[in-house]
Amino acid sequence: MTQIERLRDTGYLVIPGFAPVESVTRLNEAARAQLAARANPLELEADLQYPGAPRSQTAAGGETVRRLLDAYGRHPEFAEHATAPRVREWMQAYFGERVLMSRAHHNCLMTKHPLYGSLTGWHRDIRFWSFEREDLVSAWLALGDETVDNGALWFVPGSHRVAFDADRFDEGKFFRVDRPDNAEILLTAESPSLAAGDAVLFHCNTLHSAGKNLTDAVKFSLVYTYHGVSNAARAGTRSTSQPEIELRPRDLE
């Protein structure tokens, strides 16, 4: 089975060494500098109130950053990775056409902090996205080791191919863990361990979650979302709130 076939079948795919060591080193330097600068736009754990987050920005840990937004526009190293030849070639092979990167969705440096980094419940990314077809792929790049101990991602294999009724999700469109039928599905979840430079690609309908960081070091990850040029964002929605980036060969730029 090819990588593309595996992604289509399972809904997620780990690609070891997706980014070269030299690039990962530069990305880590940029990530730490950006977190230290705390330049807007950013999102705090207290803003979302996910399980384990500080109660408010004035509570202990209230200034803990969850995401540094608009990674593409935030630093040249982040932009270079988002449109790197390997990313472009992989996504074009998957979609079979020219590819666009969304600046409205994901496009961020994710941080998972000790103590105040919250849990992320089971969900599908498409829940707040608006496109003609539910066919987008996100590329998550680990800038360091990612394991269950420091809040790695969990995925439910094959869940992107299941048509769930709306009542299987709560008001926030999180998959309800209190339902026995949902709980049975979640028993099949997997959490792949990643090393620095590894990527995990996952479909917009794949159920996934992330735990807390039980270590003493901040975890950094870059994540971007891509779709084929024929799969347009719906006019007047958040998905069209930022201009998209076409992944073009260097000689055509």
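Biologist: Let's start with Gln49: is Gln49 buried, exposed or partly exposed?
Modeller: Happy to look, bearing in mind that this is a predicted model. Gln49 sits in the loop between helix H3 (45-48) and E3. Buried means under 20% relative accessible area and exposed means over 50%. The relative accessibility of Gln49 is 42%, so Gln49 counts as partly exposed.

Biologist: And what is the phi of Gln49?
Modeller: Most residues other than glycine have a negative phi. Gln49 is not a glycine, yet its phi is positive, at about 60 degrees.

Biologist: Now to helix H2 (residues 21-37): what span should its 17 residues have, and how far apart are its end C-alpha atoms?
Modeller: The expected span is 1.5 Å times one less than the number of residues. For the 17 residues of H2 that should give 24 Å, and this agrees with the distance between the end C-alpha atoms, 24 Å.

Biologist: What covers the buried residues of H2?
Modeller: The buried residues of H2 are Ser23, Val24, Leu27, Asn28, Ala30, Ala31, Gln34 and Leu35. Their cover includes both helices and strands. Among them are helix H4 (71-74), helix H5 (76-82), strand E3 (65-69), strand E5 (108-112), strand E7 (137-142) and strand E11 (219-228).

Biologist: Which residue follows H2, and which two residues are joined by a cis peptide bond?
Modeller: H2 is followed by Arg38, whose phi is positive, near 55 degrees. In the loop between H2 and strand E2 (42-44) you will find Pro41. Most peptide bonds are trans. The cis bond here, with omega about 5 degrees, joins Asn40 and Pro41.

Biologist: Is His106 buried or exposed?
Modeller: His106 lies in the loop between strand E4 (99-101) and E5. The cut-off for buried is under 20% relative accessible area. His106 has 17%, so His106 is buried.

Biologist: Which side chain makes a polar contact of 2.7 Å with the side chain of His106?
Modeller: Residues that His106 touches include Arg67, Asp125, Trp129, Phe202, Val223 and Tyr224. Its side chain makes a polar contact of 3.1 Å with the side chain of Ser138. The polar contact of 2.7 Å is with the side chain of Thr225.

Biologist: Which residues lie nearest the centre of the largest pocket?
Modeller: That pocket holds about 580 Å³ of space. Its lining divides into eleven nonpolar, ten polar and eight charged residues. E3, E5, strand E6 (120-123), strand E10 (208-210) and E11 each supply at least two of the lining residues. Of the 29 lining residues, those nearest the centre are Arg67, His106, His123, Asp125 and Arg127.

Biologist: How many charged residues are in the lining of the second largest pocket?
Modeller: The second largest pocket has about 220 Å³ of space. Its lining includes Pro41, Arg67, Asp70, His106 and Gln242. By class, three lining residues are nonpolar, five are polar and the charged ones number four.

Biologist: One last stop, helix H6 (residues 85-95): which residue follows H6?
Modeller: Within H6, Val87, Arg88, Trp90, Met91, Tyr94 and Phe95 are buried. The residue after H6 has a positive phi, near 70 degrees, and is Gly96.

Technical notes
Residues are numbered from 1 along each chain as its sequence is written. This is a predicted model: local features need pLDDT of at least 70, side-chain atom pairs count only at pLDDT 80 or more; totals for chains, interfaces and linings use all residues. Side-chain values use heavy atoms; hydrogens and water are left out. Helices (H or I, at least four residues) and strands (E, at least two) are DSSP runs, numbered from the N terminus. Buried means under 20% relative accessible area, exposed over 50%, partly exposed in between (1.4 Å probe, protein chains only). Contact means heavy atoms within 4.5 Å. A polar contact is a pair of N or O atoms within 3.5 Å; within protein, one must be able to donate a hydrogen and the other to accept it, and residues adjacent in sequence count only if both atoms are side-chain atoms. On a 1 Å grid over the protein atoms alone, a cavity is a set of points where a 1.4 Å probe fits but cannot get out, and a pocket is an open set with protein on both sides within 12 Å along at least five of seven lines; lining residues have an atom within 4 Å of a point. Grid points are joined across faces, edges and corners, and a volume is the space filled by probe spheres set on the points. Ala, Val, Leu, Ile, Met, Phe, Trp, Tyr, Cys and Pro count as nonpolar, Asp, Glu, Lys and Arg as charged, and the others, Gly among them, as polar. Lists of a residue's contacts leave out its neighbours within four places in sequence.
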